[in-house]
Amino acid sequence: MTFLRPTTLTNDVVTLEPLHHDHLEGLCDAARDGELWKLWYTAVPQPADMAAEIDRRLGLLDAQSMLPFTVRRADTGQIIGMTTYTNADAANRRLEIGSTWNAASAHRSGTNTASKLLLLTHAFEELDCIAVEFRTHWMNMQSREAIANLGAKQDGVLRNHQRMPDGSLRDTVVFSILDSEWPAVRNELQRRLAR
């Protein structure tokens, strides 16, 4: 049985659809919203590179190491970004939620929390994961704060973990949520979205 199967996840705030080439124009528009590719501490494709990024993510799906999604607002249907399950380890029932970006206009709108609730619910309750990991650049304070606010605990820092496109070295902060922590995390995320 395949660990990562394309599926659509939805709630009142967002819909996560399996990534498809038909999403190209909407994803380019979302990346233009805030010119996200200019952020040096993250990797958001610029519109000219979006088709190649879709191809890359779909290739990783074929290799069963990633399940990529396009994120849409539930109220308008507008595409606002991408997210994935990545670094999937079926034998050990672990995966990472990452390679996520959202249009600047969607920041602090609840869409990221709603997306993470969908992804975490599916990971723990359908895929029977024992742990879900998150990783981000040390300098990406907005992402680090958002991950901690989800209820994830910081596991550590991988120093000089990756070389960035500009040649700088990235220190990667690693967080995780364990299956035993999931009920409390779920309750808190649901409470926050209900506000």
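User: What is the relative accessible area of R73, and is R73 buried or exposed, or partly exposed?

Analyst: This is a predicted model, in which local features need pLDDT of at least 70 and side-chain atom pairs count only at pLDDT 80 or more, while totals for chains, interfaces and linings use all residues. Residues are numbered from 1 along each chain as its sequence is written, and side-chain values use heavy atoms, with hydrogens and water left out.

R73 has a relative accessible area of 22% and is partly exposed, where buried means under 20%, exposed over 50% and partly exposed in between (1.4 Å probe, protein chains only). The side chain of R73 meets that of D75 in a salt bridge at 3.1 Å, N to O, a term that stands for a side-chain nitrogen of Lys or Arg within 4 Å of a carboxyl oxygen of Asp or Glu. D75, at 56% relative accessibility, counts as exposed.

The structure holds 11 salt bridges, and among them is the one between R94 and E133, at 3.6 Å from N to O. This pair links distant parts of the chain, with R94 in strand 5 (residues 94-102) and E133 in strand 6 (residues 131-137), 39 residues apart; helices (H or I, at least four residues) and strands (E, at least two) are DSSP runs, numbered from the N terminus. R94 is partly exposed at 30%, whereas E133 is buried at 13%. Both belong to a network of salt bridges that links R94, E96, E133 and R135.
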